[in-house]
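Please open the structure in your viewer and keep the selection tool at hand. The stops below go from the whole chain to single residues.

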Amino acid sequence: MGVSAEAQTFFSKELEGRVLNESGDVAATHVMNTTTNRATITSVDGFFKIGVSLNDTLVFSAVQFKKKELVVTQSILQSKSLFITMEDALTELDEVVVRPYNLSGDISKDLETLETEPVVTASTIGLPNAYVKPMTQTQRILNEATTGGGILPLNPILNGISGRTKMLKKRLEIEEKYARTERVRAFYSDSLYVQDLKIPIAKIDDFMYYCEADESFSSLVDTHDRLKIWSFFKKKSIVYRENNGLE
């Protein structure tokens with residue numbers, strides 16, 4: 001048994017590691033084993049786990065970083081943990097002068113010479129409710145239905161009797177649930193759904209609604225733990241593919 005475990009470590013293992021960057025923005029970095037077409041993403045702190053074998057190629061990528069490739073060597077397999085330092089994708093340009101304002105592109109220099117008008121917004125001129133988040137159309141309709149909008153005092157009573165208030169609350173609940181599901185989908189790139197979960201790109205939205213129907217989905221999303229959410233997606237994708245003939 002010990003020999004078998006040692007041999008497995010020698011040729012393959014579940015590699016643990018961490019992605020690092022000076023800015024600290026390392027969450028949701030994609031880690032792809034291009035040899036096996038398996039992928040994962042880093043946690044909020046940059047940690048990840050992925051199965052690898054000797055000579056596999058790992059690709060680390062994110063919008064804010066330069067793509068990085070790494071071939072799994074024997075020393076990597078034998079290491080307890082792998083640390084990957086990512087470089088920012090932004091590159092500095094040579095000084096450029098923009099006419100007619102003679103801007104150099106260096107903000108610290110340009111702010112000293114550029115004359116600007118004061119920014120006028122609801123908050124800068126002290127308007128009431130300047131920081132209040134605008135309501136959606138459904139929220140406005142529901143507010144008018146339950147308060148009368150200060151004009152129709154009988155509206156709340158009539159809407160309660162007719163069931164309109166209940167219908168509007170249900171519509172608002174559905175809209176908020178849909179918006180949250182769309183935000184969760186955006187945590188991961190479409191390529192991860194397609195390559196790792198084997199969900200066709202045209203079926204990703206349908207798969208998200210399938211996951212949304214699970215009673216545990218809401219509480220899981222509230223944890224904001226992207227690794228746990230992705231683990232949940234992986235389990236649900238197996239059943240989803242079987243039910244939809246995608247195996």
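The tour starts with the chain as a whole and then turns to a sheet, a loop residue and the nonpolar cores.

This is a predicted model, in which local features need pLDDT of at least 70 and side-chain atom pairs count only at pLDDT 80 or more, while totals for chains, interfaces and linings use all residues. Residues are numbered from 1 along each chain as its sequence is written, and side-chain values use heavy atoms, with hydrogens and water left out.

**The whole chain**

Of the 247 residues in the protein chain, 28% are buried, where buried means under 20% relative accessible area, exposed means over 50%, and partly exposed lies in between (1.4 Å probe, protein chains only).

**The sheet**

Next, select the four strands that make up an open, antiparallel sheet in the order S3-S2-S5-S6; two strands pair if DSSP finds at least two bridges between them. S3 and strand S6 (68-71) stand at the edges with a single partner strand each, so one side of each is left without a neighbour in the sheet. Select strand S5 (residues 57-61) together with S6, and you have an antiparallel pair held over four bridges, in which Thr57 has Val71 of S6 as its bridge partner.

**A loop residue**

Where does Ser43 sit? Ser43 is found in the loop between S3 and strand S4 (47-53), and it counts as buried because its relative accessibility is 16%. Leaving aside residues up to four places away in sequence, Ser43 touches Val26, Ala27, Ala28 and Leu227, a contact being heavy atoms within 4.5 Å.

**The nonpolar cores**

Now select Tyr188, Tyr193 and Phe233, which touch the most other members of the largest nonpolar core, a set of 22 residues. Such a core consists of buried Ala, Val, Leu, Ile, Met, Phe, Trp, Tyr and Cys residues joined through side-chain atoms within 4.5 Å. Among the elements that give two or more residues to this core are strand S3 (38-41), helix H7 (190-195) and helix H10 (226-243), and H10 gives the most, with five residues. Centre the view on Phe233, whose contacts, not counting residues up to four places away in sequence, are Val184, Tyr188, Tyr193, Leu197, Phe207, Met208, Cys211 and Phe217. Apart from this core lies another, of 16 residues, including Leu15, Val26, Val52 and Phe65.
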